[in-house]
Amino acid sequence: MFLNRFALRPLNPEELRPWRLEVVLDPPPGREEVYPLLAQVARRAGGVTVRMGDGLASWSPPEVLVLEGTLARMGQNYAYRLYPKGRRPLDPKDPGERSVLSALARRLLQERLRRLEGVWVEGLAVYRREHARGPGWRVLGGAVLDLWVSDSGAFLLEVDPAYRILCEMSLEAWLAQGHPLPKRVRNAYDRRTWELLRLGEEDPKELPLPGGLSLLDYHAFKGRLQGREGGGWPGWRTQRIRESQSPI
């Protein structure tokens, strides 16, 4: 029998006393929207920040956080403002408070994984070794990690082996071979993953995005259109996609 859970170190005194942040949203959301919006605000604030009750908790000092901004949910725009309220001691023996500490630990792990170079990172999964390869695809081997806090106040790391199948064909090449539309696609210039909704006939020059750029300008800025400025567009013009909430 092999264990996949490893004790690391006890939390230090500052980690047991995260910063508490009060959140004010304008306009005030309905009750069913509060928690999803707080999770969005935690991501917008940056650092190692998570939802705690009707506010936020953070291991990052307030001066490095984005304390005000805007966000949108279900077609409604909101402005948010964060008010630091000092540090709050949390007891890992209390299940509710331990869950907040574990959420902070998991967010810390995510932030550290994003900084890794030379590996493929998706969420809490890290892939490093090529396990197999074929025409237009390859399989990477790695592990799914999780970091949480025990009732004794120590970090526990879980490691589970995992494999990731990657398609190396572009969407154009995939469709040219007669395959059906895939459910997910990935940017060619970074690793952001999207859910493919449909192919449309809109002119990308005429499709505006938030911030004033057209869809064509956005992808040109990202370097996606290098070598195709003079033409070579497929019969369809745009891909209507939205960001996936979970890695594939």
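This is a predicted model: local features need pLDDT of at least 70, side-chain atom pairs count only at pLDDT 80 or more; totals for chains, interfaces and linings use all residues.
Contact here means heavy atoms within 4.5 Å. Residues are numbered from 1 along each chain as its sequence is written, and side-chain values use heavy atoms, with hydrogens and water left out.

The secondary structure of the protein chain comes to 4 helices and 13 strands; helices (H or I, at least four residues) and strands (E, at least two) are DSSP runs, numbered from the N terminus. Of the 248 residues in the chain, 35% are buried. Buried means under 20% relative accessible area, exposed means over 50%, and partly exposed covers what is in between (1.4 Å probe, protein chains only).

An open sheet of 5 strands comes with the order 3-4-2-6-5 and antiparallel pairing. Its edges are strand 3 and strand 5 (68-73), and each has a single partner strand, so one side of each is left without a neighbour in the sheet. On average, neighbouring strands of this sheet are turned by 35° against each other, direction ignored. Two strands count as paired if DSSP finds at least two bridges between them; strand 3 and strand 4 (residues 55-58) pair in the antiparallel sense over 4 bridges. Met52 stands opposite Gly55 in strand 4.

Two helices go with these strands. Helix 1 (residues 31-45) lies across strand 2 (19-26), strand 3, strand 4, strand 5 and strand 6 (76-87), and runs at about 135° to strand 5. Helix 2 packs on the sheet as well, touching strand 3 and strand 4, and its direction makes about 160° with that of strand 3. For these angles, axes are lines fitted to C-alpha atoms, for helices over the stretch in contact, and values run from 0 to 180 degrees between N-to-C directions.

Now for the interior. A nonpolar core is a set of buried Ala, Val, Leu, Ile, Met, Phe, Trp, Tyr and Cys residues joined through side-chain atoms within 4.5 Å. The largest one has 24 residues, and those with the most contacts inside it are Trp59, Val100, Leu104, Leu113, Leu145 and Phe155. Strand 3 (49-52), helix 2 (95-114), strand 9 (137-149) and strand 10 (154-167) each supply at least two residues of this core, and helix 2 gives the most, with 7 residues. Domain 1 (18-88) and domain 2 (98-167) both give residues to this core, so it lies between them; the domain bounds come from an automatic or database domain assignment. Leaving aside neighbours within four places in sequence, Trp59 is in contact with Leu11, Glu14, Glu15, Pro18, Val48, Leu101, Leu104, Ala105, Leu108 and Phe155.

The loop between strand 9 and strand 10 holds Ser150. This serine is buried, with a relative accessible area of 10%. Not counting residues up to four places away in sequence, Ser150 touches Pro92, Arg98 and Leu156.

Charged pairs come next. A search of the whole structure finds 13 salt bridges, each being a side-chain nitrogen of Lys or Arg within 4 Å of a carboxyl oxygen of Asp or Glu. In one of them, the side chains of Glu158 and Arg5 meet at 2.8 Å, N to O. Glu158 lies in strand 10 and Arg5 in strand 1 (residues 5-10), so the pair ties together parts that are 153 residues apart in sequence. Glu158 is buried at 15% relative accessible area, whereas Arg5 is partly exposed at 43%.

Arg81 forms a salt bridge with Glu68, and the closest N and O atoms are 2.6 Å apart. With Arg81 in strand 6 and Glu68 in strand 5, the pair ties together parts that are 13 residues apart in sequence. Arg81 is partly exposed, with a relative accessible area of 30%.

Arg106 and Asp146 also meet through their side chains in a salt bridge (2.7 Å, N to O). This pair links distant parts of the chain, with Arg106 in helix 2 and Asp146 in strand 9, 40 residues apart. Arg106 counts as partly exposed at 28% relative accessibility, and Asp146 as buried at 18%. Finally, salt bridges that share partners join Glu130, Arg133, Arg138 and Glu168 into one network.
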